[in-house]
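Dear colleague,

I am passing on a structure that I would like you to look over. My notes follow below it, arranged by region.

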Amino acid sequence: RNATLTDTSNVAIEIRLDGNVLTVIPTTRFDQTKCYDIIGILGFFNGTPQLKPRMASDVTEVPCQ
């Protein structure tokens, strides 16, 4: 699954949750009214940058600024 995220400088990037990651990071974990610090592998697909978190600890809810 892919979703578009916007960082604090208003830059958009795709986040990619591959099938094996969906079992540990379900899409229901994300709320569009909250902010997150996400660690992952940066890749490209069809010229579009994608951030790929690997485990649950790669996604941390943080205060929105």
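Is Asp 58 buried or exposed? With a relative accessibility of 5%, Asp 58 counts as buried, the term being used for residues under 20% relative accessible area, while exposed stands for over 50% and partly exposed for what lies in between (1.4 Å probe, protein chains only).

Before the rest, a word on the basis: this is a predicted model, in which local features need pLDDT of at least 70 and side-chain atom pairs count only at pLDDT 80 or more, whereas totals for chains, interfaces and linings use all residues. Residues are numbered from 1 along each chain as its sequence is written, and side-chain values use heavy atoms, with hydrogens and water left out.

Asp 58 sits in the loop between strands E5 (48-52) and E6, where helices (H or I, at least four residues) and strands (E, at least two) are DSSP runs numbered from the N terminus. A polar atom of the Asp 58 side chain lies 2.7 Å from the backbone nitrogen of Arg 54. Not counting residues up to four places away in sequence, Asp 58 touches Asp 37, Ile 38, Ile 39 and Pro 53, contact meaning heavy atoms within 4.5 Å.

Pro 53 and Arg 54 come up again with Val 21, which is in contact with both of them when its neighbours within four places in sequence are left aside. Val 21 is found in helix H1 (residues 19-22) and, at 7% relative accessibility, counts as buried. Val 21 also belongs to the largest nonpolar core, which has seven residues in all, the others being Ile 15, Leu 17, Ile 25, Ile 38, Leu 51 and Val 59; such a core is a set of buried Ala, Val, Leu, Ile, Met, Phe, Trp, Tyr and Cys residues joined through side-chain atoms within 4.5 Å. In soluble globular proteins, nonpolar side chains tend to be buried together.

Leu 51, another member of this core, has contacts beyond four places in sequence that include Ile 13, Ile 15, Ile 38 and Leu 42. As for the strands, E2 (residues 12-16) and E5 run parallel and are joined by two bridges, with strands taken to pair if DSSP finds at least two bridges between them; Glu 14 has Gln 50 as its bridge partner in E5. E4 (residues 41-45) and E5 run antiparallel and are joined by five bridges, Phe 44 having Pro 49 as its partner in E5. E4 and E5 form a hairpin with two residues between them, and Asn 46 in the turn has a positive phi of about 50°.

The structure holds one disulfide, a term that requires a pair of cysteine sulfur atoms within 2.5 Å. The bond is formed by Cys 35 and Cys 64, with their sulfur atoms 2.0 Å apart, and links distant parts of the chain, since Cys 35 is in strand E3 (residues 35-38) and Cys 64 in the segment after strand E6 (59-62), 29 residues apart. The torsion about the S-S bond is about 115°, so the disulfide is right-handed. Cys 35 is partly exposed, with a relative accessible area of 26%, and Cys 64 counts as partly exposed at 44%.

There is also one aromatic pair. Phe 30 and Tyr 36 form this edge-to-face pair, 5.3 Å centre to centre and with 70° between the planes; rings of Phe, Tyr and Trp (its six-membered ring) pair if their centres lie within 6.5 Å, and planes under 30 degrees apart count as stacked, over 60 as edge-to-face and the rest as tilted.

With best regards

Definitions and conventions. Polar contact = N/O pair within 3.5 Å; in protein donor to acceptor, adjacent residues only side chain to side chain.
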